[in-house]
Every structure is written in structure tokens, then in C-alpha cells.
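Open the model in your viewer and keep the sequence panel beside it. The stops below are given in the order in which to select them.

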Amino acid sequence: MRRKRGATILLTTAAALVAVSVFLPLWWVFASSMRPGNTYVENMTPLSWLAFIPVGGDFSNYSALGSGAFLLGLFNSFLVAGLTILVGLAIAIPAAYALATMEFRGRGIIFSFIIMVAMIPFDAIAIPLSSLFQGWGLSDSYAGLVLPALANGFAIFVLRQFFMGVPGELIDAAEVDGLGRFGTLWRIVLPLSKPALIGAGMMLFLSQWQAYLWPLLIGTSPERQLAPIVLANLSTAFTVDLGQILAGSFVLSVIPMVLLLFFQKQYTESLSTTGLKG
């Protein structure tokens, strides 16, 4: 009993230390963003514990961001991410359902091809793809920002693995009762697949929220720029307001963390069902 209790205390302490080490940089960004301008560097050389204390509660950096182009960039980021989730799921759900429940020649080859394509770094094809989009007249448009992220192979993988866990007898019984394939998917499978839908949606959201190179190549006008691009533009050859950059970085970092925390149970459950089935 003592050995078990000691192991529990040790593991809990280790988990707490890991949590602190992960959270501490984000807290430093928040504390530094609460100092006006570039004054946070006063406690950086040498590094002082005062750098981790948000002295004064100065929100001038956040108010300056709110009065600039950052709010429009944040709106564009939410809009692009939201469209990506809606259309991306509309594409991934039927594709994953077909790969999970339908028997047809070449199914394994198609699934392997989807995973192989998903593993190719997007940055490797971003520049030639941007040239194609410019030729198609899709540059500097929301469609150009959204389209490359729609067919997400990892979202299809998560949904397919979850659909394969739905009892086949339940699907067969629903189809025999006259629901058909789409009726079975809509009325039976999807209500049981909320964790997988949330997990796939989070993957689609994060793929757009953290994107930088593609929005930089496609969203050229100020009206189409996403928040990371607006934040990067605060640093010029002549002026750098690191206080505002840190404030914007904190906002962009906290939003996906809050979403992950809110949907933690469903997201974890969706990932736990992605074992190697079939």
C-alpha cells in the first residue's frame, strides 16, 4: 500500500511539473503583454522572476490591438476556420463512411493514398499551388483560403476508424428497415459519432488557425488577411511593438486551448478510437 501511494505521489508530482513547464511560457507571454510597449525587456537581461508577474494590469497592448486591423484579422480567421469545419466535415463524413462500411474494389488502396497524401507537408506544395490558384482567379479570396484545407486526410481517418466501431448489425438493420445508406448515416451513425465529429472538426479548425504560409501567399489585401498575418505585419523594418505582438500571440494561443479544454472529453475519446482497425 505504501509503495502504491508513493508511486501515485511521484506520478502526480511529475505530471504537475510537466503541466507547469508547458503552462509557464504561455504565462510569461501574458505577463509580458501586460506591460506597455517594449518595457518587458527590463526584466529579461538578466532574467528576473518579475518577468512572470503581470505588474500594473496594463491592457494598453490589447486596446491597441482592438483599435487596429487585428480584430478584422481575427474575424477572418474565425470565418475561414468555421467554413473549413462545415464544408470539410461535409466532405469527410461521406468519404469516411464509404471507406468504413462499403465493400468495393480498391478500398484499401484509396484509403492508403489518402493517408499518404495527408502526410505530405503542405508547405512543400504551397508555392506551386498558389500559382495555380492565381491562374484560376482564386487569389485574395475566402474560397482560396478555404479550399486547400477541406479534404483533410487525418479527419477522414478519425471518422473512418470511429465508423468502423459502430456495430455492423445496427447498420444492416437500419438499411433493412428502409432508411437507406444516407438515412442510416444521418439518423443512426452520426448521433453516435459526436466525439469523432468534434475530433475531426478540431483538426480542421487547427489546420486553419495555425496556418501562416498559405494565408500569406493567398490573402494579400488587408480585408482578407488572417490574424497571424496581421500580427506579423506589426513588425516592420523601422518599428517593432513587441508588446502588441505578445498580446496578439497570447490571444491566438488561448483560443484553441479553450476549445480543446471545453471539448477535452470528446476529443480524447475520438483519438482513443483511432486504433488500427481493418
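What follows is a tour of a predicted model, stop by stop.

**Stop 1: a surface patch**

Select Val20, Phe23, Leu24 and Trp27. Together these residues make a nonpolar surface patch of about 360 Å². Trp27 sits in helix H1, which covers residues 2-33. Is Trp27 buried, partly exposed or exposed? Its relative accessible area is 30%, and Trp27 therefore counts as partly exposed, since that class lies between 20% and 50%.

**Stop 2: the second largest pocket**

Which helix gives the largest share of the lining? Colour helix H13, residues 242-262: five of the lining residues come from this helix. By class, the lining of the second largest pocket has six nonpolar residues, one polar residue and no charged ones.

**Stop 3: the largest pocket**

Next, select Phe122, Pro148, Ala149, Asn152 and Ser207. Of the 29 residues that line the largest pocket, these lie nearest its centre. The volume of the largest pocket is about 790 Å³. To see which elements surround the space, colour helix H4 (107-118), H5, H7, helix H10 (194-209) and helix H11 (213-218); each of them gives two or more residues to the lining. A colouring by residue class shows 23 nonpolar, five polar and one charged residues in the lining of the largest pocket.

**Stop 4**

Move to helix H7, residues 153-164, and select Phe162 in it. With a relative accessible area of 11%, Phe162 is buried, because buried means under 20%.

**Stop 5: a loop residue**

Finally, where is Asp140? Look in the loop between helix H5 (123-135) and helix H6 (142-146). Check the backbone at this position: Asp140 is not a glycine, yet its phi is positive, at about 55°. Asp140 is also partly exposed, with a relative accessible area of 26%.

Key:
Residues numbered from 1 in each chain as written. Predicted model: local features only at pLDDT ≥ 70, side-chain atom pairs only at ≥ 80, totals over all residues. Heavy atoms only, no water. Patch = residues over 30% accessible without salt bridge, like charges linked within 9 Å, V, L, I, M, F, W, Y side chains within 5 Å. Areas by Shrake-Rupley, 256 points an atom, 1.4 Å probe, with all protein chains shown as cover. Salt bridge = Lys/Arg side-chain N within 4 Å of Asp/Glu carboxyl O. Helix = DSSP H or I, 4+ residues; strand = E, 2+ residues; numbered from the N terminus. Buried < 20%, exposed > 50% of the residue type's maximum accessible area, 1.4 Å probe, protein only. 1 Å grid on protein atoms, 1.4 Å probe; cavity = no way out; pocket = protein on both sides within 12 Å on 5 of 7 lines; lining within 4 Å. Points joined across faces, edges and corners; volume = space filled by probe spheres on them. Nonpolar A, V, L, I, M, F, W, Y, C, P; charged D, E, K, R; others polar.
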